[in-house]
Amino acid sequence: MTGMEFQLLGDVAVRDGSGRALPVPGVRVRALLALLLLHAPFAVSAGRILDELWADATAKDPAAALHTAVAKLRRALRATPPGPLLTGPAGYRIDLSGHSFDVAGFEDELARARTLDDPAARAAALRGALDRWPGSPLAGLPDLPFVTAERSRLAELRLAALEDGAAAELAAGPGPERAAALAGALRTAARRHPDRERLHALLVHALRASGRQAEALATYREVRAALLDRLGIEPGPELRAAQRAVLGDSARRARPTPRSSTAFLGRRTELARLTAGLAAARLTTVTGPPGVGKTALAHAAADAEQHRGATVFRVDLVPCPPEELPWTVAEALGIDPGAAPPHLLFERLRPALGRGSRPLLLLDNCEHLHAEAADLTARLLAACPGLRVLATSREPLGAPGEARFELSPMTAADAVRLFHDRLGRLSPSAASAAATPDVDAVCAAVDRIPLGIELVAPKATTSPLPEIARRLRAHGAVPGTLRAAIELGYRRLTDPERAVLRAVSVFTAPFPTEAAEAVTALPDTAAALARLAETSLLLFDPATARYRMLLPVRHFARAELAGHDEEPAVHLRHARWVAELADHTADLMRGPTSRAAFATLRSVFAEVSACLDRLADGDPGQRRLAGRITTRLSLYWLLSGRRAEGHRRLTDALAAADPDAPWYPEALAWCGWLGVNLHAADDVDLLRRAVTAAVERTDPAATTLVGALALTAHVRQDRLAEARETADRTATALDERRHRWETGIWHLFHGELQVAEGSPRAALDSATLAGELLADIDPHSTATADLVAGMAHERLGERAAAVRRWQRARRELAGLGADHEASYATAVLACAAVGDARWADAAALADELAGYARASGEHFLLGKTATVRALLARRAHRDHDLAERLHRTAIEHYEADNRPECVAHELALLGAVAAERGEPVVARVRWERALRTAERSGRAHARVLPLRGLAALPDQPAAAHDLARALREAPPPRMTECPVHLTVADDTAPL
């Protein structure tokens, strides 16, 4: 079955691989889908989505509305688990790998069609592209700004395709019948766009080709009269040329300059936008960083205009001294300047630029003589009413009526394609052997800047691609030609602007103005940033109000920073800014603004991580600062799924910490808690020290949180007596008014202890109270309270209520983008479905779990997927061979994840497979091995499954006694740890 089909050329729609429509509920959800598709494969930040979709909405909590919309869209698109909607540090994105998108397909077909030399083939290809359109684009969506802009862009693309197709058909020489049909289509389009002269000109040509010369001339007269009446202008050259063709006038047309010879690859969206912009503005300036491909795009746009009949004049301003600019332009126009003075030479430029159809002057590399190019452009535009100018520069010219076209680095796909093309010209064998992921890594190391790609591609003929990428990342090597281009822009800056550029090179991720001000400690930093963005040495994203520095520019600026001996001071200011950010967001994450705070941290996490790495290699004071930052980020380590990194960094923090530091008890508790949950270490001593330190400091909030973390860690290690002691010791610190979040977390984990103690009714009360306390401030922990409540319901024998709670938790976690925690809830539900013999539900949940497990590579989830599928194979399909293979696969994953209790469960289930095959000896061996593994695990309840298997054998009377004792004394299993017990109806049912 093929992937999904995404459609925006008409109603917003999604179809699965069989062509069945997948319902996408709600206008806002469909608008979200459209926004993500239009930015694919890149992520769209939550802030950008809120600005686009909810800027004028009446929702009380737009952020909550966004999470709900994401959850609904995720469910709608999971026809092929795990679904193409992905969540990452940069925001949300649609992964179109293996799927199709009609807008991209339309643009691809247009681009391919325009490369065809044969007019008949080109016309047929353009007709095929236009056939993709079933109706008005993005139909059914409200007139949001991005929707309106995209509709206009697509309408312009469609109209240009119609015109190009008609021109190709006319060039191919259609018969009278085909010409008449073409004239009908053109007449309809011309009525909708009465001021589009090219449509009318093509209509005149089509009528002439169909033998209707009189009607063609009448059409020309009607259009001329309408233009004079409505706009007060005469028809342009193209329309007049059509009239002369009908009259048999063979007037000579101006000869255009040759088209560019270098192959232009990719950039189809940018090229379409630029060519559309040339029709709307008389002066368009393509701006962007050094090496980003301004010249190539401008020449490609000029080629497209020339293909449509425009007369194009191309002028490269490198090398060109300022005083010689008029002579350089004159020579490009075919004028012999001789010794004419500038004012007379200018008068000779005017008629030259006025000849031909729709003249376009391309001025390339204007940054080399910015002021002179701006002055000449303004004078030419004023003197030549029909002239259009396309310029390239690192900053706008500043002339009246200028439209700026800012060019960014290439997309990943275009960059890979360019690399393969350039490498293939040097070594076809090296190009064919270059794996796409390796090529993408090299391209990413130069920030997908075309000039960088052009310069590093030859290295692949003599060095392995991974090694090239490693060197570029590790050493920041900037190819010489690209470095020279960057240095040229750098030398033109003022001293304060250079100092700001050097200082902000310390940032790894996009940064706001206030962050730059903290790091530079210079006056007028904001003005310098704006100037750096104008010169394209920084990129500014209005949606996030953040600046970004491309990798080659950053490497250059960091080398300058080191050369000016400024690194230590800048790094220290950067670390202090990160520390203040961590302090501020850590407080916000424990209150009503937790979602926004988490999003803030996620957006700058690369920055924080780089800072912590630098501090870890510093002096003792810097390492202590790293410890403070790391501890304040503890909740982020948990919620973001970065538990292993958090445990590692907290371990390092404690090694350098001052025991009198205010954050020390929390560092002990979080390090111990993460170690227990990772099954990497039994950090019981850390937890005990944490509780003692917190109690001795008489800090109720810290005592409450540390107590909560310690008691749940003890529970998960089956230390119930110590967990109860910890709970009783810290309960007096609870205060729902002064530290509501900490108190809610304490009740949440206390409920888990009560389940383990065999008090499910009390556990349900604790989980309910925790949910109420956390409902408005911590949606993630509120969903976790549902998981604990489900545990309590299950122990009370209320399986249906438990499943409802787990399902709600899973929905909420998925809606929050917490895919890691949602997957654990999915594992719980899958095991419960097996236990309830809901085979179809179990299979669907296993498929969903498998998708995330493969993407994350987490062994526990991969093992749980194999467990569920093995039980389905044995119980639903009686396929014992498949069940055995899957159980063994599960064992491999559990062993890799240090989960001996799960290994014991799998060995017990393998014993059941052997027993059902009629192999009692093999079954006994497996159950005995499972029992030994369970005893080594230290989990008392892990003994239950192997004892149940042994108790069923006729020669094992002691096993039945041991089983009864284990059921009596072992704490109830916790399904968030290893929910395999949910796969059986009760403790006495067959395995």
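Predicted model: local features only at pLDDT ≥ 70, side-chain atom pairs only at ≥ 80, totals over all residues.
How many residues lie between β3 and β4 in their hairpin? There are 2 residues between these strands. Strand β3 covers residues 85-88 and strand β4 covers residues 91-94; the two run antiparallel and are joined by 4 bridges. To find the pairing on screen, pick L86, whose bridge partner in β4 is R93.

**The sheets**

Let us turn to the open sheet built from 5 strands, in the order β7-β8-β9-β6-β10. Its pairing is parallel. The edge positions belong to β7 (312-316) and β10 (402-406); each has a single partner strand, so one side of each has no neighbour in the sheet. On average, neighbouring strands here are turned by 15° against each other, direction ignored.

Helix α11 (residues 268-278) lies across β6 (283-287), β8, β9 (388-392) and β10, and runs at about 155° to β6. Helix α12 (residues 294-307) lies across β6, β7, β8, β9 and β10, with an angle of about 170° to β8.

Another open sheet has 3 strands in the order β2-β1-β5, and its pairing is mixed. Here β2 (13-15) and β5 (100-101) are the edge strands; each has a single partner strand, so one side of each is left without a neighbour in the sheet. Strand β1 (residues 5-7) runs parallel to β5, and 2 bridges join them. Within this pairing, E5 has S100 of β5 as its bridge partner.

**Helix pairs**

Two packed helices are described by the angle between their axes and the distance between the axes.

| Helices | Residues | Axis distance | Angle |
|---|---|---|---|
| α5 and α6 | 119-130 and 145-172 | within 8 Å | roughly 150° |
| α33 and α35 | 684-696 and 720-730 | 11 Å | about 15° |
| α31 and α32 | 643-656 and 664-677 | within 9 Å | roughly 140° |

Take α5 and α6 to begin with. Their axes cross at roughly 150°, and the two helices are therefore roughly antiparallel to each other. The crossing of α5 past α6 is left-handed. On the α5 side, P119, A120, R122, A123, L126, R127 and L130 make the contact, while α6 contributes R158, A161, L162, D164, G165, A168, E169, A171 and A172. Sorted by class, this contact has 10 nonpolar, 1 polar and 5 charged residues.

Next come α33 and α35, which pack at an angle of about 15° and are therefore roughly parallel to each other. Their crossing is left-handed. The residues that meet are V684, R688, V691, T692 and V695 from α33, with E722, T726, R729 and T730 from α35. This contact divides into 3 nonpolar, 3 polar and 3 charged residues.

Finally, α31 and α32 cross at roughly 140° and are therefore oblique to each other. α31 passes α32 in a left-handed crossing. Contact residues of α31 are R643, G646, H647, L650, T651 and L654; those of α32 are Y664, A667, L668, W670, C671, W673, L674, G675 and N677. By class, the contact of α31 with α32 has 9 nonpolar, 5 polar and 1 charged residues.

**An aromatic pair**

How many aromatic pairs does a search of the whole structure find? The search finds 12. In one of them, the ring centres of Y824 and F860 are 5.3 Å apart and the ring planes are at 20°, under the 30 degrees cut-off, so the pair counts as stacked. Y824 sits in helix α40 (residues 819-835) and F860 in helix α42 (residues 859-876), so this pair ties together parts that are 36 residues apart in sequence.

**Two backbone details**

Two loops deserve a visit as well. In the loop between α1 (27-39) and α2 (46-53) you will find P41. The peptide bond leading from A40 to P41 is cis, with omega near 5°. In the loop between α18 (436-445) and α19 (450-456) lies D447. Its phi is near 60°, a positive value in a residue other than glycine.

Key:
Residues numbered from 1 in each chain as written. Heavy atoms only, no water. Axes fitted to C-alpha atoms, helices over the stretch in contact; angles between N-to-C directions. Parallel < 35°, antiparallel > 145°, perpendicular 65-115°, else oblique. Left-handed = near helix turned anticlockwise from the far one by under 90°. Contact = heavy atoms within 4.5 Å. Nonpolar A, V, L, I, M, F, W, Y, C, P; charged D, E, K, R; others polar. Pairing = 2+ DSSP bridges. Phe/Tyr/Trp six-rings, centres within 6.5 Å; stacked < 30°, edge-to-face > 60°.
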